[in-house]
Amino acid sequence: MASFEIGARGLFNFRNERFFLLVEDEITIPEKGVEIDPVNIYEIDQQTFNFIRDEGDTPIVVPRFNLPPVPPGFELERKCIFTVDNSYFVIYELENGTDNFVMLRISAALFNSLRNSGVRECVPQDFIN
């Protein structure tokens, strides 16, 4: 039987101008040996961002300029690339039973190289309208 769960999730505040909800969908179909876990990004308004943040169970994702060390027993999995207003990021998931997103800031050149090599691009869905 297929299963569907929400994995990692996070909120991203871009320059206090644009707001995003990141959600990993975990879909498993054991009898077919299929497991997919794409990240979806939804652009939300500030009120929705504040509401979700204030609930307290969705972490804020702060972009980094370098990847964190990966502790033993953890796995850092690249999920997709993402761009907003001429800023470029790679989204990773740090898996350890309580999955968390890591957002790495990258150059436009690296973004284009990754896109050209087939890395999945997360395109935000407009959740505002």
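**View A. A phenylalanine ring cluster in a predicted model.** Ring pairs join Phe12, Phe14, Phe20, Phe82 and Phe89 into a cluster. Rings of Phe, Tyr and Trp (its six-membered ring) pair when their centres lie within 6.5 Å; planes under 30 degrees apart are stacked, over 60 edge-to-face, the rest tilted. The structure holds 8 aromatic pairs. The model is predicted: local features need pLDDT of at least 70, side-chain atom pairs count only at pLDDT 80 or more, and totals for chains, interfaces and linings use all residues. Residues are numbered from 1 along each chain as its sequence is written, and side-chain values use heavy atoms, without hydrogens and water.

**View B. The Phe12–Phe89 pair.** This aromatic pair is edge-to-face, at 5.5 Å centre to centre and 75 degrees between the planes. Phe12 sits in strand β1 (residues 3-14) and Phe89 in strand β6 (residues 87-95), 77 residues apart. Helices (H or I, at least four residues) and strands (E, at least two) are DSSP runs, numbered from the N terminus. Both Phe12 and Phe89 are buried. Buried means under 20% relative accessible area, exposed over 50%, partly exposed in between (1.4 Å probe, protein chains only).

**View C. The Arg9–Asp57 salt bridge.** Their side chains meet at 3.5 Å, N to O. Arg9 lies in strand β1 and Asp57 in the loop between α1 (46-55) and β5 (75-84), so the bridge ties together parts 48 residues apart in sequence. A salt bridge needs a side-chain nitrogen of Lys or Arg within 4 Å of a carboxyl oxygen of Asp or Glu.

**View D. The Asp37–Lys79 salt bridge.** The closest N and O atoms are 3.0 Å apart. Asp37 is partly exposed at 21%; Lys79 is buried at 9%.
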